[in-house]
Each structure stands twice: as C-alpha cells, then as structure tokens.
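Here's a quick tour of the nonpolar packing and the ring pairs in one model. Have the structure open while you read.

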Amino acid sequence: MKIHRIDHVGIIVNDLPAAKAFFLDFGLEMLGEGKVEGEWVERMERLMGLQDVKEEVEMLRTPEDDANIELVVLRTPEGDANIELVKFHTPSDENSIQRPLANTLGIRHIAFAVEDIEALVTKLTKIGAELIGEIQNYENAYKLCYVRGPEGIILELAEEIK
C-alpha cells in the first residue's frame with residue numbers, strides 16, 4: 001500500500017464566480033467548468049447523504065492536462081495540487097459563510113509555497129483579499145502570512161528565505 005499525493009481539496013462556495021476569479025488571480029490555472037448531472041448526482045447523493053443535489057463544480061488544472069470533462073479544475077502551475085470549487089444550488093447551507101476561530105476543529109486553511117510573498121499579498125489585497133495580521137519571518141527560514149479570500153477561504157502563504 002502506498003499513498004502518492006493529495007489529488008485535490010474540495011471547497012464548497014456560494015459565490016462560484018468570485019471564488020474562481022480569486023484563485024485565478026492568485027495564480028492557479030483553469031482546465032474547464034461544468035455541471036454534475038444525471039447519474040453522478042444520484043451517486044453523490046448516496047455518498048454525501050444529501051437529497052435533491054444540484055451542484056456546479058469547478059476544478060482548476062494546468063493547460064497541459066487537456067482533459068475533456070464536465071468539471072472546472074484549478075491547479076498550481078507545476079501541477080502538484082488541485083482545488084475543486086463546488087457550488088450546491090440545492091440543498092443550500094442554511095448557516096451561510098462561517099468565520100470560525102483559529103482553534104475550531106477541522107480544516108482551517110490551505111498552504112501554498114510561493115515566491116515574492118510581498119508582491120502576491122499586494123496583488124491579492126488589491127482584489128479584495130484581507131491580510132490577516134502581517135507577513136512574519138519564521139526563524140529566518142520562511143516568510144509566512146495568512147490571507148482571507150472570498151467565502152472566508154484562508155490561504156497560508158510561505159516563501160522560503162534563501
């Protein structure tokens with residue numbers, strides 16, 4: 001038995017166009033987009049325990065992965081990681097977007113290794129992202145920060161200091 005890699009991280013959103021634009025501006029690349037319909041909706045209902053599911057899925061991926069699928073896939077330029085954005089039209093989440101505390105159990109953020117963290121933070125804040133705190137120097141090994149994007153999505157940015 002061997003685990004090769006994380007294939008993708010799925011993020012449920014209400015404003016799919018805003019989330020897609022944020023990740024494209026961040027630097028991920030898009031493969032395509034589409035709707036999950038028919039038999040796949042029924043399978044997802046059984047897997048997820050939901051009823052009356054209609055979802056729109058966006059997955060972002062590098063252009064060289066020329067897959068012809070009804071999904072949109074965002075992927076890092078080197079193709080190491082995928083982000084899947086999902087919009088459920090029904091059933092909707094009655095709680096809306098949550099801003100949990102840092103110690104709330106569960107997945108909290110997605111971390112990316114980046115270059116030129118200052119320029120990237122400037123770019124993201126110009127399009128409406130919120131820098132949480134400030135860029136920190138971690139033991140002269142990394143510059144680190146957290147950025148909140150649309151839908152409350154938090155990214156950790158890490159630039160190795162060389």
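How many aromatic pairs does the structure hold? There are two aromatic pairs, and keep in mind that this is a predicted model. Let's take the pairs in turn, then move on to the core.

**Phe22 and Phe23**
- The ring centres of Phe22 and Phe23 sit 5.3 Å apart with the planes at 75°, over the 60 degrees needed, so this pair goes down as edge-to-face.
- Phe22 and Phe23 are both buried.

**Phe26 and Phe112**
- Here the centres are 4.8 Å apart and the planes meet at 65°, so Phe26 and Phe112 are edge-to-face as well.
- This pair ties together distant parts of the chain: Phe26 belongs to helix H1 and Phe112 to strand S7, 86 residues apart.
- Phe26 and Phe112 are both buried.

**The largest nonpolar core**
- In soluble globular proteins, nonpolar side chains tend to be buried together.
- The largest nonpolar core in this model has 24 residues, and the members touching the most others are Phe23, Phe26, Ile83, Phe112, Leu155 and Leu157.
- Two or more residues come from each of helix H1 (16–26), strand S6 (82–90), strand S7 (110–113), helix H3 (117–126), strand S9 (142–148) and strand S10 (154–160).
- H1 is the top contributor to this core, giving five residues.
- Both domain 1 (8–88) and domain 2 (110–160) supply at least three residues each to this core.

Note on methods: Residues numbered from 1 in each chain as written. Predicted model: local features only at pLDDT ≥ 70, side-chain atom pairs only at ≥ 80, totals over all residues. Heavy atoms only, no water. Core = buried A, V, L, I, M, F, W, Y, C linked by side-chain atoms within 4.5 Å. Buried < 20%, exposed > 50% of the residue type's maximum accessible area, 1.4 Å probe, protein only. Helix = DSSP H or I, 4+ residues; strand = E, 2+ residues; numbered from the N terminus. Domains from an automatic or database assignment. Phe/Tyr/Trp six-rings, centres within 6.5 Å; stacked < 30°, edge-to-face > 60°.
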